[in-house]
Amino acid sequence: MAKLRYWLRRVQALWSSQRVHDEIAEEMRFHIEERTAENLRCGMPAEEALREAEHRFGHLTRIREQGYELRGGGWMESLLRDLGHGVRLLRRRIGFTLAASLTLALGIGANTAVFSVMESVLLRPLPYEHAERLYVVREQMAQQDNLRVSGPDFEDFSQQSRSFEFLSSSLPYFTMAGAVNGNPRTFTVAGVDEKFFPELGVKPLMGRMYRSEEYHVDSCPMVVSAKFWREQLNGDPHVIGRVFQLAGGPCEIAGVMPDIPDLYPNIEIWAKMLPELEFMHWRQNKFLTVIVRLKPGIFPQQAEQELTRILRQGDGQAEVNARLLPLRDELVGKVRTQLIILMGSVLLVLVITCMNMIYLLLARMSGRATEVAVRLSLGARPTRILRQLVTENLLLVAIGSGLGIALAFNLVRMVRHYNLGAIPRGQQIAMNGPVLIFSMVVALLLSIALAWGPYTLLGRINIQAGLKGGNAISGRPRYFRTLVLSEVCCATVLLVAAGLLVRSFWMVQHADPGFTPDHLLTAYVRTNYYSAEGAAYFDRILDLVSHAPEVQSAAFADCYPAGRASTATIQFSDRPNDPANPASVEGCWTSTDFFRSIGVPLRRGRLFSPHDNADAVPVVIINQALANKYWPNKDPLGKRIAISYLGPGRRNTGQPRFREIVGVVGDVKQKALDLPALPALYMPFYQDETHHVNAAMNLFVRTRVDPRAASATVRQQVLQVNREQPLDRMQTMDDALFATLAPRRFSLVLLGSFAALALVLCAIGIYGTIAFVLSQRTREFGIRIAVGAARTDLLSMVLKEGMLLVGAGLVLGGGLAVFFGRAMSNLLFAISPFDPLAFVSAVILLLSVAAVACFVPAWRSSGIDPVKALRAE
Amino acid sequence: MAKQKPELPQGTLDMLVLKALSLGPMHGYGIGQRIRQLAGDMLQVEEGTLYPALYRIEGRGWIESEWGVSGNNRRARFYRLTKSGRKQLAVEESQWEHLSVAINKVMQAT
């Protein structure tokens with residue numbers, strides 16, 4: 001307690017130091033007066049009494065100083081004074097301060113931002129109860145990994161398994177048509193079962209979730225999401241009981257659930273999974289997302305084995321395996337490599353930043369070497385000077401950190417707001433505690449690195465030389481070699497990485513998608529027709545739309561090129577079929593003019609014609625990949641296959657009927673531009689034997705004019721058929737393809753920026769280093785010129801030394817770049833990690849920039865006047 | 001006057017100061033006087049060592065100081081023993097006991 005008071009007093013002394021001095025003086029004076037009085041009482045004469053009293057004190061000034069040391073501000077005061085000095089110094093050299101702070105801010109800010117994204121997406125646990133025990137169940141069969149779960153399988157799991165606290169099934173991202181406040185819309189819906197929300201520990205925001213018995217009734221009321229409530233109903237506080245239009249009829253709202261953006265972002269309606277629906281009984285129909293929560297103490301492998309055993313009891317599932325994937329991995333696994341590579345890159349940028357900072361400060365320190373030499377010779381303690389120099393550096397780091405964190409905050413906000421890169425869990429990206437700690441650690445490490453500069457400086461001070469006004473630093477710091485070497489190395493790695501991404505991106509953009517995306521307008525048409533009347537409806541739309549003057553042709557299909565396609569299994573008529581291991585391909589129901597509308601070339605046979613309707617012979621068109629896989633070097637035309645089309649909502653007549661292959665078309669990249677085209681087949685939707693036509697189809701319109709200009713007409717035509725038809729996601733195919741490349745573009749832009757930044761910093765570092773080292777050698781150059789060396793001799797000497805270092809850095813960097821490239825191979829497309837073009841262009845770019853950075857200072861120093869150089873002692 | 005006053009080691013001076021203050025708060029001059037009186041004039045603390053000792057002990061939190069009025073109505077800085085100071089005094093006393101007994105034993109060996 002007393003100690004606390006003592007320290008408080010010392011803090012007070014920070015702004016009333018004069019008072020402390022006065023008090024100590026007064027205390028001494030009191031003592032002297034008392035002693036003098038005593039002496040007088042003993043009979044000493046007056047002046048001797050005073051003198052004797054003072055004499056006993058000895059070195060009064062010393063004692064007063066000691067007193068102040070213990071009572072005054074102490075180290076706090078000298079710290080404040082150093083800070084004050086530092087601020088004044090920085091203000092005087094505002095250019096240097098700006099350059100240094102910006103460099104630091106960029107380094108710290110970029111790192112903090114990237115780490116922030118990484119932390120939010122990869123490291124932060126999911127915000128659900130016991131999220132570490134949540135897993136997704138997938139099935140694995142023959143060549144197919146990563147299958148979902150069917151209704152009967154899920155039933156078996158629920159009844160027989162003992163490993164889980166919860167099992168839930170859900171079906172996210174299907175659609176339903178309806179209207180709110182008279183505006184027709186397509187809603188994004190997720191079907192969930194009773195256990196879904198309790199498993200996650202999520203409770204309703206308002207109203208209630210469905211009751212147990214409601215999960216067996218296909219009717220309203222419905223539970224909506226917070227997103228729906230905010231956007232469609234404006235956050236109406238009386239939302240419960242409000243009615244909107246859904247699937248053709250009125251529907252009232254029973255509850256509002258909070259959004260779960262980590263798992264299923266952008267859901268508007270939470271619908272019920274109805275176990276009674278037909279397609280839920282079909283064991284081969286694997287479309288359910290099953291999320292489970294392990295009981296504590298049970299290992300995932302145990303649970304996997306149990307589920308596999310249960311699965312294999314099902315018909316035809318003797319070779320099926322179950323797999324458990326941690327839920328978080330399932331959600332973010334595909335961006336893990338991308339984010340780790342970005343983090344690695346930005347750390348390299350930080351290294352370069354740090355090196356440049358050290359160089360900047362060292363160069364400045366050398367300028368003050370004379371000042372330091374003088375102070376040392378006057379008796380200043382080295383530690384005191386060191387402390388002052390370090391404080392100045394810390395001030396810079398503090399300013400840079402502050403700016404850097406502000407920068408990072410804005411970058412992170414931008415990424416979240418504009419959904420840059422379409423990163424999963426993107427809405428959760430934010431800077432938080434751990435991220436700030438990270439940037440403080442970075443700042444701390446930088447400070448330590450920057451403190452090293454003054455420390456070595458003090459060790460090298462040559463006081464004699466400094467006092468005489470000459471070069472106060474002895475020896476040439478070997479540090480500068482390390483600087484050039486490491487900066488060039490890091491810059492090489494970044495340039496190569498950026499080059500690899502640029503090449504990949506170029507390859508993806510120029511990869512043949514298999515169809516013609518320009519002049520193509522697309523939209524999503526969601527109807528409420530679930531049977532053959534849908535065909536007539538779609539036909540009416542096609543009729544009107546294709547007769548518009550801007551339109552060349554139009555078609556419907558349930559698949560979306562470079563987007564998604566459903567799965568179908570084939571039974572062959574010309575070879576034995578293994579029911580446990582059926583051939584699985586991509587499948588698409590289309591209208592007659594599909595291939596013409598999206599521009600897929602015909603390779604053999606014919607395309608669909610208007611004669612291929614419900615009464616005609618059932619036909620199918622396959623793609624080249626399918627033909628090559630199952631009829632290599634043979635003619636597939638005329639062969640017959642039976643197709644089972646999978647997915648939710650399908651019906652099953654029991655025995656699929658055989659269709660005749662009438663044509664072979666070119667391969668279309670069905671799932672993504674950077675995935676290979678898989679075997680696929682197409683069927684006219686008029687010939688669906690289950691008398692089910694998809695209620696939702698994608699409309700493809702090939703336009704004669706700019707597709708954006710035609711969109712109003714198309715919409716008008718559709719609304720003419722049905723005024724209440726919602727028409728969603730109307731976009732040109734080019735825009736759609738552009739959006740699918742968002743993650744690639746994100747990495748490319750970031751890595752490219754880092755590489756550019758690294759190049760600039762590296763150039764500055766090399767230039768500065770060479771200029772600085774040469775400035776130390778002015779005398780030497782003066783002598784050389786005086787004894788007859790030509791300018792070009794000096795030039796080539798300097799350049800040789802410099803470029804040798806750069807070369808060494810390039811080689812080292814090239815080696816590291818190989819490892820970096822290998823680590824990145826998931827992100828590359830159609831090129832190898834050793835792509836020569838990327839490596840060579842990186843090397844050439846760096847060499848030319850480095851050469852210029854070496855040349856300029858060398859040219860300037862080699863042209864000095866020898867007389868002036870020799871005179872500058 | 002005894003010019004051969006023994007040199008007090010630093011730790012011992014601290015102990016004496018604490019002991020002097022255990023008899024009541026006092027200003028710096030008075031502490032020196034008190035020690036001299038208690039030692040029966042066998043000890044005299046130099047001002048040059050007293051004040052640094054006082055300031056140092058204050059830094060350790062064993063004594064506190066504040067302004068007060070002296071016997072003859074003058075402003076002086078008074079020092080006072082704190083709770084931890086009292087504890088420290090007891091510790092140092094027992095250490096001194098132990099040490100002096102040990103040293104005596106050695107010196108009395110024949």
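This is a predicted model: local features need pLDDT of at least 70, side-chain atom pairs count only at pLDDT 80 or more; totals for chains, interfaces and linings use all residues.
Seven of the eight residues of β15(A) (residues 583-590) are buried, so the strand is largely enclosed by the rest of the structure; buried means under 20% relative accessible area, exposed over 50% and partly exposed in between, with a 1.4 Å probe and protein chains only.

Residues are numbered from 1 along each chain as its sequence is written, with chains lettered from A and ligands numbered from 1 in the order in which they are written. Local features need pLDDT of at least 70 and side-chain atom pairs count only at pLDDT 80 or more, while totals for chains, interfaces and linings use all residues; side-chain values use heavy atoms, leaving out hydrogens and water.

Elsewhere in chain A, Leu827(A) sits in the loop between α24 (791-823) and α25 (836-862). Leu827(A) counts as buried because its relative accessibility is 14%. Beyond its neighbours within four places in sequence, Leu827(A) is in contact (heavy atoms within 4.5 Å) with residues including Thr337(A), Ile341(A), Leu501(A) and Arg744(A).

Turning to the interface, 28 residues of chain B are in contact with 23 residues of chain A. The two chains bury about 2,500 Å² between them, 49% of it on carbon and sulfur atoms; this area is the accessible area (1.4 Å probe) lost on putting the two parts together, summed over both. On the chain B side, Tyr29(B), Glu47(B) and Tyr55(B) lose the most area to chain A, together 30% of what that side buries.

Six salt bridges (a side-chain nitrogen of Lys or Arg within 4 Å of a carboxyl oxygen of Asp or Glu) cross the interface of chain B and chain A. The side chains of Glu33(A) and Arg74(B) form a salt bridge at 2.1 Å, N to O. At least two residues each of the side of chain B that touches chain A come from α2 (28-38), α3 (47-59), β2 (63-69) and β3 (75-81) of chain B. With eight residues, α3(B) gives the most to that side.

How values were computed: Helices (H or I, at least four residues) and strands (E, at least two) are DSSP runs, numbered from the N terminus.
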